[in-house]
Amino acid sequence: MAGRRLHWLIAGLAMAALGSGYVLTWPDAYSASLLRIHLAFGVSAGLLSLARVLVWLTAGAPPPAFEPGSRLQARLAKGVHVLLRLVPLLLFVSGVGMLALSGSFGAVARGTLTGLAPYQDLPPRNLHHAAAFLLAGLIGLHGLAAFWHRLNLPGLKAG
Ligand code: HEM
Ligand code: HEM
């Protein structure tokens, strides 16, 4: 199913953006190539998430892969899925916001930016960091839930 393929594509790209983003901010880990790799993963995850949100708003959410055990479980899953669709958009907007406000796009494109200093005091940076932290937590919860269902997921496997 196209929706399931999109799920795994976005999941892989978003987790790669998360990993490359955190490595980028480690002491001495910065490199212009790593920043560009992060932007490539982040922009792809953001744009595909936008496509998924448009599908969701027009055609509705995909049917659940398995029956929820209770109403509370169904509500929790729904809430986490809504956030997992929207938070990558927040990361996209705040990431593009950092590039735009810092005026560093040219240096990033040429690979000549020497560090993250241009983003230091920009408001979207705090939003980006908070959204990344939230996404990591949501993916943790979501992964644990999938594990709890023992990865017995015919819907996703069929993807
Ligand atoms: C650790 C890897 C992941 C696993 C094992 C996994 C597994 C699953 C499973 C089993 C479902 C179906 C749940 C249901 O229908 O009740 C699902 C749905 C969903 N997952 Fe994941 N997922 C992973 C990573 C991610 C990531 C990184 C994102 C977002 C960035 C994400 C976003 C979603 C969304 C939005 C849904 C709702 C259905 C949809 O709109 O496609 N997942 N996932
Ligand atoms: C799903 C998409 C994305 C994820 C998961 C993500 C994740 C991250 C993470 C985890 C960090 C390190 C933050 C921290 O240490 O708390 C980071 C930093 C950064 N990201 Fe992203 N990001 C995404 C998309 C983007 C996009 C689309 C752009 C720009 C077009 C972008 C630009 C940046 C920049 C410039 C930094 C360095 C900011 C700094 O700490 O000085 N990101 N990102």
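In which pocket does ligand 2 sit, and which residues come nearest to it?

Modeller: This is a predicted model, in which local features need pLDDT of at least 70 and side-chain atom pairs count only at pLDDT 80 or more, while totals for chains, interfaces and linings use all residues. Residues are numbered from 1 along each chain as its sequence is written, chains are lettered from A and ligands numbered from 1 in the order in which they are written, and side-chain values use heavy atoms, with hydrogens and water left out.

Ligand 2 sits in the second largest pocket. A pocket is an open set of points on a 1 Å grid over the protein atoms alone, where a 1.4 Å probe fits and protein lies on both sides within 12 Å along at least five of seven lines; to sit there, more than half of a molecule's atoms must lie within 2 Å of its grid points. Of the 24 residues around the ligand, those that come nearest are Thr25, His38, Arg125, His128 and His129, where being near requires a heavy atom within 4 Å.

The setting is a chain with 6 helices and 0 strands, found as DSSP runs (helices H or I, at least four residues; strands E, at least two). Helices α1 (2–24), α2, α3 (71–102) and α5 each supply at least two residues of the shell around ligand 2, and the largest share, 6 residues, comes from α3.

At the iron atom of ligand 2, the coordinating protein atoms are NE2 of His38 and NE2 of His128, at 2.1 Å; donors here are N, O and S atoms within 2.8 Å of the metal (3.2 Å for Na, K and Ca). The angles among the 6 donor atoms run from 87 to 179°, and the site is octahedral, a label given to six donors if opposite ones are over 155 degrees apart and all others between 65 and 115. Because His38 belongs to helix α2 (residues 32–59) and His128 to helix α5 (residues 123–148), the pair ties together parts that are 90 residues apart in sequence. Both His38 and His128 are buried, the word for under 20% relative accessible area with a 1.4 Å probe and protein chains only, whereas over 50% is exposed and anything in between partly exposed.

Ser94 lies in helix α3 and counts as buried because its relative accessibility is 2%, while a polar atom of its side chain is 3.2 Å from the backbone oxygen of Leu91.

As for ligand 1, His7 (NE2) and His142 (NE2) are the protein donors of its iron atom, lying 1.9 to 2.0 Å from it. This pair links distant parts of the chain, with His7 in helix α1 and His142 in helix α5, 135 residues apart. His7 counts as buried because its relative accessibility is 18%, whereas His142, with a relative accessible area of 26%, is partly exposed.

Definitions and conventions: Four donors count as tetrahedral if all angles lie between 85 and 135 degrees; four count as square planar and six as octahedral if opposite donors are over 155 degrees apart and all others between 65 and 115; anything else is irregular. On a 1 Å grid over the protein atoms alone, a cavity is a set of points where a 1.4 Å probe fits but cannot get out, and a pocket is an open set with protein on both sides within 12 Å along at least five of seven lines; lining residues have an atom within 4 Å of a point. A polar contact is a pair of N or O atoms within 3.5 Å; within protein, one must be able to donate a hydrogen and the other to accept it, and residues adjacent in sequence count only if both atoms are side-chain atoms.
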